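Thanks for coming. I will take a few minutes to walk through one model, so please have the sequence and the structure open.

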Amino acid sequence: MTQAPNAATVDITTSEYRQFQKLIFDIAGISLSDAKKLLLVGRLSKRVRKLEYSTFTEYFKFVTDPAHQAELQVMVDLLTTNETYFFREPKHFDFLRQRAGQARGSGFRVWSAASSSGEEAYSMAMVLADVLGGASWEVVGTDISTRVLAKAQGGHYPLDRIDGIPNPLLKKYCLKGLNEYAGTLLITRELRERVRFLHSNLMSPRKDLGLFDLIFLRNVMIYFDNDTKRKVVANLLPYLKSDGHFIVGHSESLNGLTADLQPVLPTIYRRSEARP
Ligand SMILES: C[S@@+](CC[C@H](N)C(=O)[O-])C[C@H]1O[C@@H](n2cnc3c(N)ncnc32)[C@H](O)[C@@H]1O
């Protein structure tokens, strides 16, 4: 069977690929290895064709033209990998529950620092609402992709994404869609109001985030080289309270990246010295 022309990919030369590798690295710190060439072609070809270009050189000129700044965000949205799910790596949420329990009533704040479409931030919020109820607490979710942030803000997900949510929390904080919303789930308004989603780049985080008891930086450092990992951790540390904890994904580690965090459990770190 022949492919429809609009589904066909656009060819890329090695020098064109190098230009895009550098561009996404400069913007987001993401290192695309040479092995990711087909992935980039697969993700950008439709966009290139939609704009009626036939080469990546033309698209590169367009996306880097200051007159078309919004296109850079479209490209970032297409090139970021946003895979996530509720209660991913459940031990981290057990740890959050324990910390929140110890900190009752003291304005507990947590940051989902590469939140993707919000499942991580809402999982945190379900735990905090369960432990701290109406006391003062807040969850902030940030990401470089505006497309996933819009989804996060809506708090509306397909029902087949809910597997990890513990039953009591599912009952308390999720509404099952009816009629035209059948097959979907909506995070309750009460919970959505406790979670803020903001656009922020880990390479230069926005300044208005405040201090956090816990920072989740999970499943994003896998896209960074060692130098970038070091920079990103240094960029986030000023937002961590003196007794705060920093959590990374199960396949990630901060070993050798900073002297300011000490491991307390696998993938969970604590500040090693008090803030000045
Ligand atoms: C695989 S998802 C991880 C989501 C969630 N933390 C989890 O563990 O399930 C990685 C997210 O990191 C975001 N990301 C990549 N580079 C970033 C950067 N420089 N600044 C902020 N977010 C970034 C992507 O847009 C994507 O949504």
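Q153 sits in helix 7, residues 146-154. Helices here are DSSP runs of H or I with at least four residues, strands are runs of E with at least two, and both are numbered from the N terminus. Between the C-alpha atoms of Q153 and L32 there are 29 Å, and the two residues are 121 residues apart along the chain.

Two notes on the source. Numbering starts from 1 along each chain as its sequence is written. The model is predicted, so local features need pLDDT of at least 70 and side-chain atom pairs count only at pLDDT 80 or more, while totals for chains, interfaces and linings use all residues.

Now the overall division. The chain splits into domain 1 (5-79) and domain 2 (90-271), with bounds that come from an automatic or database domain assignment. Their C-alpha centres are 30 Å apart. Where they meet, seven residues of domain 1 are in contact with 12 residues of domain 2. Helix 4 (residues 69-79) supplies the largest share of the domain 1 side, three residues. Contact means that the C-beta atoms of two residues, placed from the backbone, lie within 7 Å.

Next, helix packing. Helix 1 (residues 14-28) and helix 3 (residues 56-63) pack at about 25 degrees, their axes 10 Å apart. The axes are lines fitted to C-alpha atoms, for helices over the stretch in contact, and the angles run from 0 to 180 degrees between N-to-C directions. Helix 1 and helix 3 are therefore roughly parallel. Angles under 35 degrees count as roughly parallel, over 145 as roughly antiparallel, 65 to 115 as roughly perpendicular, and the rest as oblique. From helix 1, E16, Q19 and F20 meet F56, T57 and F60 of helix 3.

What about helix 2 and helix 4? The axes of helix 2 (residues 37-50) and helix 4 come within 9 Å and cross at roughly 140 degrees, so the two helices are oblique to each other. On the helix 2 side the contact is made by L40, R43, L44 and R47, and on the helix 4 side by V74, L78 and L79.

Then the core. The largest nonpolar core holds 68 residues, and A125, L128, I215 and L217 have the most contacts inside it. Such a core is a set of buried Ala, Val, Leu, Ile, Met, Phe, Trp, Tyr and Cys residues joined through C-beta atoms within 7 Å. Helix 6 (residues 119-132) gives the most to this core, eight residues. Domain 1 and domain 2 each contribute at least three residues to the core. Setting aside neighbours within four places in sequence, L217 is in contact with A113, A114, L236, F246 and V248.

Last, two backbone details. F87 has a phi near 50 degrees, a positive value in a residue other than glycine. F87 lies in the loop between helix 4 and helix 5 (90-102), and is buried, with 21 other C-beta atoms within 10 Å. T267 has a phi near 70 degrees, again positive in a residue other than glycine. T267 is in the loop between strand 9 (261-265) and strand 10 (268-271), and is buried, with 20 other C-beta atoms within 10 Å.

How values were computed
A residue is buried if 20 or more other C-beta atoms lie within 10 Å of its own, exposed if 12 or fewer, and partly exposed in between; C-beta atoms are placed from the backbone.
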